[in-house]
Amino acid sequence: MTSNIQPRLLLEIIAVGILAFAGVLTKTAANVAFPAMMAAFRVDLGTIQWVTSAYMLTATLVIPLSAYLQRNFTNRALFLVASLLFTAGTGLITVAPSLALVLLGRVVQGGGNGIAIPLMFNIILAEVPPVQRGMMMGVGTLITATAGAIGPTYGGLLVDRWGWRMIFLALLPLLVGSLLLGLVTIHGPRPNARQHFAVFDYGLLSLGLLSILLAQNGLGKATAAVSLAEYVVGLVSLAMFAYRSTHTATPVLKLGIFKNASFTWLALTYFTTFMVFLSMSFVMPNAVQLVLGQGSMIAGLAVLPGAAAAAILSPVSGHLLDRFGARRPIIGGAGLMLVGMVIFALLGSRLRLWQLVGTYLVMMVGLGLCASNIMTCSLDGLTKDQQAAGNAVLNTLQQFAGAFGTSLSALIIDRAQRQSGLSVSLTTAYGMQEIFLLFSGIIVIELIILTVVLSRRQTPPDGSEFL
């Protein structure tokens, strides 16, 4: 399948993919380290979750710049900046004496990863032949999915033996290797002309997303009036951003692509899929530690089978899409996600460790079948000129879905833990039960949308789908 793809292109994708790999690795590994970090900095779960949310929010704010950056800078320059940012942020975290500096390091890391993720997929979309694009999109997803698979175990092992800082310190040799490989292999045409950047519009987007997360994180801590005001500011800012994006020649994000109804609905399901997935990668390690009373190493091992299954299925599901079309892997995968989440919702507080692991495995098999295929399917519905903009929109949605979902899950658990007279284990279990019920409802809606949208795709005489 890769006979027409040059070795240099594969190495180019791998070099950029290592940065994306490192970003996902630290994100999932940090989730396992939260109890240790809470003890080290003497903060609660709602505060420490910003170690993940600050990273994902920064990536969310940088990813919309990808279309502008691609038009104005070479792939080589973008890779160099991304690599240096991520490495600098990693180094800062390893020596940071306070949580504030840890968060600053995560912000710098998020900036580098926010450049690297869309760069990897833009290289695939621009340089890989269309007949092999589904498989290579799966390979790109595999790079990050593998990090998600080994991240919790990696984090649990290092936290138990050497402390949470080793999660970041151990990455430095890998980051140096990625930089050297990229400098040798990554090239590309120079932009024809510099283009204007809509600074005011970007400020509206940043203000909107940040205000929503601050409002959500402040529920139960700030007054209702403050949280409501932050929500209003966020929603108004995003509405102004959307209006200006459709009335300017150089928008930060080309929201005009949402005129394509199929793309719009698939983008919504892409957001909800990753909101559930990234939230569960936060919930599961904390469930094992705070509810079942296990250590960080066991927490990491508990999510390994499911995360590994999702990673392995990423390129396989892309091949299934190339061969059979979108409906079977996407709807089948979403159905499995629903089965796993319903089991969690009905039995979650009574599941033993091995049952928890098995249920998570079912859910993650479903994720591996549908996640990258939803992205590929939605982009294939756009014109070639729109695909870079679509890629930026989807990656922005993915990162914000993680920040939003993690913050929401932390809020629900934190509010449950504030019940007086009950143990942390019991109140945490109550909070997680609420999360499982909420996500079950979200997946039901997602499955309905996917079934309707994909059933409307045209079918040629040979029975395969036009994607």
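**Notes on the model**

1. Of the 139 residues in the largest nonpolar core, those that touch the most other members are Met37, Val102, Trp164, Met280, Met341 and Phe344. A nonpolar core here is a set of buried Ala, Val, Leu, Ile, Met, Phe, Trp, Tyr and Cys residues joined through side-chain atoms within 4.5 Å, where buried means under 20% relative accessible area, exposed over 50% and partly exposed in between (1.4 Å probe, protein chains only). Helix 1 (residues 7-41) gives the largest share of this core, 18 residues; helices (H or I, at least four residues) and strands (E, at least two) are DSSP runs, numbered from the N terminus.

2. The model is a predicted one, in which local features need pLDDT of at least 70 and side-chain atom pairs count only at pLDDT 80 or more, while totals for chains, interfaces and linings use all residues. Residues are numbered from 1 along each chain as its sequence is written, and side-chain values use heavy atoms, with hydrogens and water left out.

3. A search of the whole structure finds 7 aromatic pairs, counted when ring centres of Phe, Tyr and Trp (its six-membered ring) lie within 6.5 Å, with planes under 30 degrees apart called stacked, over 60 edge-to-face and the rest tilted. One of the pairs is stacked, Phe344 with Phe436, at 4.9 Å centre to centre and 25° between the planes. This pair links distant parts of the chain, 92 residues apart, since Phe344 lies in helix 14 (residues 327-347) and Phe436 in helix 17 (residues 424-455).

4. Phe344 is buried at 0% relative accessibility, and Phe436 is likewise buried, at 4%. Not counting residues up to four places away in sequence, Phe344 touches Met280, Met284, Leu351, Leu356, Thr359, Tyr360, Gln433 and Phe436, a contact being heavy atoms within 4.5 Å.

5. Thr269 belongs to helix 12 (residues 261-291) and is buried, with a relative accessible area of 1%. Leaving aside residues up to four places away in sequence, Thr269 touches Ile374, Glu446, Ile449 and Leu450.

6. The axes of helix 1 and helix 3 (residues 50-62) come within 9 Å and cross at roughly 155°, the axes being lines fitted to C-alpha atoms, for helices over the stretch in contact, with angles from 0 to 180 degrees between N-to-C directions. The two helices are therefore roughly antiparallel, as angles under 35 degrees count as roughly parallel, over 145 as roughly antiparallel, 65 to 115 as roughly perpendicular and the rest as oblique.
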